[in-house]
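Reader: Please take a close look at a single part of this model, the place where the two chains meet, and describe it with the criteria spelled out.

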Amino acid sequence: MYSAKVMDHFSNPRNVGDMPDADGVGTEGNPTCGDVMQIFIKVKDGRIVDIKFKTFGCGAAIAVSSMITEMAKGKTLDEALTISKESVANELEGLPPQKMHCSNLGADALKKAIEDYKSKNK
Amino acid sequence: MRRCYFDHVATNPLDARVFDAMLPYFKEEFGNPLSMYELGSKAKEAIENARGQVASLTNSKASEIIFTASGAESNNFALRGIALARQNEGKHVIVSRMEHHSILNSARFLEKMGFVVTYLPVDKHGVVDPDTVKKAITKETTLISVTHASSEVGTIEPIKEIADIAREKKIIFHTDAVATTGNIPINIKELGVDLLSMAAHQFYGPKGAGALYVREGLRIVPLIYGGIQENGRRAGTENVPAIVGMGRAAELAGSEMNSRMEHVGRLRDKLLNIKASVENVHLTGHPDNRLPGHASFCVEFIEGEAMLLLLAAKGVYAASGSACSSKALKASPVLLSMGLPSSLAQGSIVFTLGKDNSDEDIEYLLAEFPQVIKRLREISPYGKGWGIEGEGGQCIVQK
């Protein structure tokens, strides 16, 4: 039911972990619905130099988290903000329709992490 | 890679002896049981032989067994057939919250037809209290349906007690025994039920074969109209090989019942040791009064579908009642009705064992499963407890 790319990112997720000294943290989702994503970013000169995630959820949710950390790493904050649910799904070679919305929380969690960073560094 | 099939509530493998019994009825003995010539009468004979085998497994009369195409059909037939047959006496039906979708969705159909349905609550182990049945009965009640055992949590319900209450009030009582027939002893006369559903593929028979026991003399409205098959109560040319297979599977289940129960019960108890090696794993369903081969858990801080995928990659096949693993994206109503928080229900995992599982299968699972849990917990933001900063808000998928 999942693409090979989804299975790869689910089985070998990239950038898993906590980041105690994160510059920004974004959390999206609710465990009662099934999926919760937490994204931590480290920012230097307006660029995401390090990124980690923690996710509670299904295979798609974990793959989405892993993929978005790869897509965002090294990007400027403005570039990272252009990452959408659709672009994450495309990079994963598609998600099953029923998982497109509930498990595709990465873009929202990343946005929140960037907002968190910006509010702390006004 | 080792392949461990622990999803016997989904379906069972076909027993080779059952397959052998079915084979001639695909090709050589292909006749229509209604035909007058020998080819027909041989097929007819085979069906009646199977009917006797199913009746003997369940201590009922052959004339009380109606063959159907599935457990779901039997459940639809029972609910709709009895509610409609008795609608002049009342339009109230009682079912429990532990029921299979084929019961719940039949109940919803009846609601659309103007019937009133009461959904009985259950306790934390998933047990229906017979007293709540008594209290739910009104003058309008014509039918009660409570499952014999839930395939999701394995809890065996107090069917005899509920049947006694129903009989006293002259209400028809049906039980969905799809998960139990062929797996634990079923004595219909002793249980005192009026109708009982069963499915062959739950006891090493073929898919596409089910049966409904209907107590002698009970009036039921057919689900399928047509010819005079099954005494006019279930039309359609009979699926002779499948019915023959169901009969043979019933015969084998009867003669091997004790050894199969002992085998899967012992393996299940061994599997329960998982709780000793991993923290924050909870057994769901009744701790003792449950199906012998059934072990169901909720694992905290991780999600069921992700567990199923990692287990499948190791050749272990199981089931889950988590929202993400269901097509409807909703956590199992059975788990929620037992009072489990939906976050915990997301960690549902169900192992159901069969006669062909071995000690080595269980040992393999006991070695691999803690690693799967550990790996997913390393990814999870939860760990010491539930609740992290920033979570919350509306569920994105709600129905």
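Author: A salt bridge is taken here as a side-chain nitrogen of Lys or Arg within 4 Å of a carboxyl oxygen of Asp or Glu. The model is predicted, so that local features need pLDDT of at least 70 and side-chain atom pairs count only at pLDDT 80 or more, while totals for chains, interfaces and linings use all residues. Residues are numbered from 1 along each chain as its sequence is written, chains are lettered from A and ligands numbered from 1 in the order in which they are written, and side-chain values use heavy atoms, with hydrogens and water left out.

Across the interface of chain B and chain A, the rule finds one salt bridge, and the side chains of K99(A) and E305(B) meet in a salt bridge with N to O at 2.9 Å. Over all chains the count comes to 33 salt bridges. Side chains of opposite charge can pair when their charged atoms come close.

As for the extent of the interface, 30 residues of chain B are in contact with 32 residues of chain A, contact meaning heavy atoms within 4.5 Å. Together, chain B and chain A bury about 2,400 Å², of which 66% is on carbon and sulfur atoms; buried area is the accessible area, taken with a 1.4 Å probe, that two parts lose on being put together, summed over both.

Within chain B, a salt bridge also links K44(B) with E48(B), whose closest N and O atoms are 3.1 Å apart. Both K44(B) and E48(B) lie in helix 2 (residues 38-58) of chain B, four residues apart, about one turn of the helix; helices are DSSP runs of H or I with at least four residues, numbered from the N terminus.

Key. Helix = DSSP H or I, 4+ residues; strand = E, 2+ residues; numbered from the N terminus.
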